[in-house]
Amino acid sequence: MQEIIKKLEFLMDQLSEKEQKKLFIHKLINLANKLSEMGITDNNIISSYTHITSLLQNRSFKEVKKTSVKLFNSVKEKYGLVEKDYYRNTYLALGLTMGTGIGAAFSSSNSSSIALGITFGLAIGVAIGTAKDKEAIKQNKVY
């Protein structure tokens, strides 16, 4: 896994910061470090990383993104590893959606109910997501 990390870091130096962010290079490196730290040597993961590095060398950026997302989902599914603030971001969106719905349900009596619903939904979503992120950190499941 260390070879892959070195190769990714080398390839990262050849990309602009915008390209690095767009292609999830830092996330890929963080995940590889976490997998190495945990001693995980899954052949499917290693082959995905090898495929990503070859795609980066060929500058096939669209395929890099697709393969990276598949890798992230696979690792989340198989090992429960998530990126930093994953749950906060997920629950923020859920809270926003639910808060808007609840606010709209009460908006017939007061038009400011939508704004209150959104506010409370966001607050509750962020609180739940942050708690789940802290739990994931305690369980060493964050990369």
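This is a predicted model: local features need pLDDT of at least 70, side-chain atom pairs count only at pLDDT 80 or more; totals for chains, interfaces and linings use all residues.

Visitor: Which helices do the buried residues of H3 pack against?

Guide: Buried here means under 20% relative accessible area, and in H3 that description applies to Ile25, Leu28, Ile29, Leu31, Ala32, Lys34 and Leu35. The partners against which the buried residues of H3 pack are helix H1 (2–13), helix H2 (17–22), helix H4 (43–57) and H5.

Visitor: Which element gives the largest share of the largest nonpolar core?

Guide: That core has 25 residues, and those touching the most other members are Ile25, Leu28, Leu31, Tyr49, Leu56 and Leu71. Two or more residues of this core come from each of H1, H3, H4 and H5. The largest share, six residues, comes from H3.

Visitor: With which residues is Ile25 in contact, leaving aside its neighbours within four places in sequence?

Guide: Ile25 is one of the buried residues of H3, and it is also listed among the core residues that touch the most other members. Once the neighbours within four places in sequence are left aside, the contacts of Ile25 are Leu8, Met12, Leu15, Gln20 and Leu56.

Visitor: With which side chain does the side chain of Asp42 make a polar contact?

Guide: Asp42 belongs to the loop between H3 and H4, and its relative accessible area of 12% is under the 20% cut-off, so it counts as buried. Not counting residues up to four places away in sequence, Asp42 touches Lys78 and Tyr79. The polar contact, at 3.0 Å, joins the side chain of Asp42 to the side chain of Tyr79.

Visitor: How is the aromatic pair of Phe72 and Tyr143 classed, and how many residues apart in sequence are the parts it ties together?

Guide: The count of aromatic pairs comes to three. For Phe72 and Tyr143 the centres are 6.2 Å apart with 25° between the planes, and because planes under 30 degrees apart count as stacked, this pair is stacked. Phe72 lies in helix H5 (residues 61–79) and Tyr143 in the segment after helix H7 (113–138), so the parts tied together by the pair are separated in sequence by 71 residues.

Visitor: Are Phe72 and Tyr143 buried or exposed, and which residues form one aromatic cluster with them?

Guide: Phe72 has a relative accessible area of 11% and is buried, and Tyr143 is likewise buried, with a value of 13%. The aromatic cluster consists of Phe72, Tyr143 and Phe24.

Visitor: What kind of aromatic pair do Tyr86 and Tyr87 form, and which residue has its charged end over the ring of Tyr87?

Guide: The ring centres of Tyr86 and Tyr87 are 5.1 Å apart with 80° between the planes, and because angles over 60 degrees count as edge-to-face, the pair is edge-to-face. Tyr86 counts as partly exposed, at 27% relative accessibility. The charged end over the ring of Tyr87, 5.2 Å from its centre, is that of Lys132.

Visitor: What is the phi of Asn140, and where is Asn140 found?

Guide: Asn140 is partly exposed, with a relative accessible area of 36%, and it is found in the segment after H7. Although Asn140 is not a glycine, its phi is positive, at about 60°.

Notes
Residues are numbered from 1 along each chain as its sequence is written. Side-chain values use heavy atoms; hydrogens and water are left out. Rings of Phe, Tyr and Trp (its six-membered ring) pair if their centres lie within 6.5 Å; planes under 30 degrees apart count as stacked, over 60 as edge-to-face and the rest as tilted. Helices (H or I, at least four residues) and strands (E, at least two) are DSSP runs, numbered from the N terminus. Buried means under 20% relative accessible area, exposed over 50%, partly exposed in between (1.4 Å probe, protein chains only). A charge sits over a ring if NZ of Lys or CZ of Arg is within 6 Å of the ring centre and within 35 degrees of the ring normal. Contact means heavy atoms within 4.5 Å. A nonpolar core is a set of buried Ala, Val, Leu, Ile, Met, Phe, Trp, Tyr and Cys residues joined through side-chain atoms within 4.5 Å. A polar contact is a pair of N or O atoms within 3.5 Å; within protein, one must be able to donate a hydrogen and the other to accept it, and residues adjacent in sequence count only if both atoms are side-chain atoms.
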